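Please find below a colleague's note on the structure shown here. The points are numbered, and each may be read beside the model.

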Amino acid sequence: QVQLVESGGGLVQAGGSLRLSCAASGRTFSMYAMGWFRQAPGKEREFVAVISWSGDRTYYADSVKGRFTISRDNAKNTVYLQMNSLKPEDTAVYYCSARTSGGWYATKAYDYDYWGQGTQVTVSS
């Protein structure tokens with residue numbers, strides 16, 4: 001069983017920055033690919049970014065590429081999402097997720113086995 005707890009959300013003006021964190025339980029964190037997704041009201045959950053278990057490979061949705069950076073610290077069992085140049089359309093609940101089997105590259109929500117409770121990010125114009 002893996003427990004994921006997100007933090008770092010909040011209200012920020014357009015152009016600002018936020019850093020989300022996701023703390024994971026379990027001694028095998030370094031074996032999981034980790035992803036970030038987001039869900040805006042009335043919309044489906046969408047992929048944001050994924051990072052491999054070692055942290056050497058990442059992939060981003062086109063909508064956030066160049067603005068967001070995913071990283072991880074396996075010694076702290078934590079994955080991060082640094083969000084810069086935020087836009088109002090980035091407003092959503094952000095979820096971290098763990099993929100415990102298969103390859104690291106996964107962009108569909110059903111590819112992930114565990115989810116956090118989410119943290120709200122609101123970007124004002």
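This is a predicted model: local features need pLDDT of at least 70, side-chain atom pairs count only at pLDDT 80 or more; totals for chains, interfaces and linings use all residues.

1. Contacts along the chain. Among the contacts in the chain with a separation of 6 or more, 59% are between residues 24 or more positions apart.

2. Secondary structure. How many helices and strands does the chain have? The count comes to 0 helices and 11 strands.

3. Overall dimensions. The radius of gyration of the chain is 13 Å, which agrees with the value near 14 Å that a compact globule of 125 residues would have. Along the principal axes, the C-alpha atoms fill a box of roughly 40 × 25 × 25 Å.

4. Burial and surface. Of the 125 residues in the chain, 44% are buried. The accessible surface of the chain is about 6300 Å², and carbon and sulfur atoms account for 47% of that surface.

5. Charges. The chain carries 13 positive and 10 negative charges. The mean position of the positive charges lies 3 Å from the mean position of the negative charges.

6. The disulfide. A search of the whole structure gives 1 disulfide. Which residues form a disulfide? The partners are Cys22 and Cys96, with their sulfur atoms 1.9 Å apart. Because Cys22 lies in strand E3 (residues 18-24) and Cys96 in strand E9 (residues 92-99), the pair ties together parts that are 74 residues apart in sequence. Both Cys22 and Cys96 are buried.

7. Met34 belongs to strand E4 (residues 33-39). Is Met34 buried or exposed? Its relative accessibility is 0%, so Met34 counts as buried; the cut-off for this term is under 20% relative accessible area. Leaving aside neighbours within four places in sequence, Met34 is in contact with residues including Leu4, Phe29, Ala49, Val50, Ile70, Val79 and Tyr112. Cys22, one of the two disulfide partners, is also among the contacts of Met34.

8. Most residues other than glycine have a negative phi. Which value does phi take in Asn77? Phi of Asn77 is near 55 degrees, a positive value in a residue other than glycine. Asn77 sits in the loop between strand E7 (68-73) and strand E8 (78-83). Ser85 is also a residue other than glycine with a positive phi, near 50 degrees. Ser85 is placed in the loop between E8 and E9. With a relative accessible area of 41%, Ser85 is partly exposed.

9. The loop that holds Gly55. Where is Gly55 found? Gly55 is in the loop between strand E5 (46-51) and strand E6 (58-60). Gly55 has a relative accessible area of 29% and is therefore partly exposed, since that term covers values between 20% and 50%. From C-alpha to C-alpha, Gly55 and Asp73 are 8.3 Å apart in space, and in sequence they are 18 residues apart.

How values were computed
Residues are numbered from 1 along each chain as its sequence is written. Side-chain values use heavy atoms; hydrogens and water are left out. Helices (H or I, at least four residues) and strands (E, at least two) are DSSP runs, numbered from the N terminus. The radius of gyration is taken over C-alpha atoms; the globule rule is 2.2 Å times the number of residues to the power 0.38. Buried means under 20% relative accessible area, exposed over 50%, partly exposed in between (1.4 Å probe, protein chains only). Contact means heavy atoms within 4.5 Å. Accessible areas come from the Shrake-Rupley method with a 1.4 Å probe; for residues, only the protein chains shown count as cover. Lys and Arg count as positive and Asp and Glu as negative; His and the chain ends are not counted. The place of a charge is taken as NZ of Lys, CZ of Arg, CG of Asp or CD of Glu. A disulfide is a pair of cysteine sulfur atoms within 2.5 Å.
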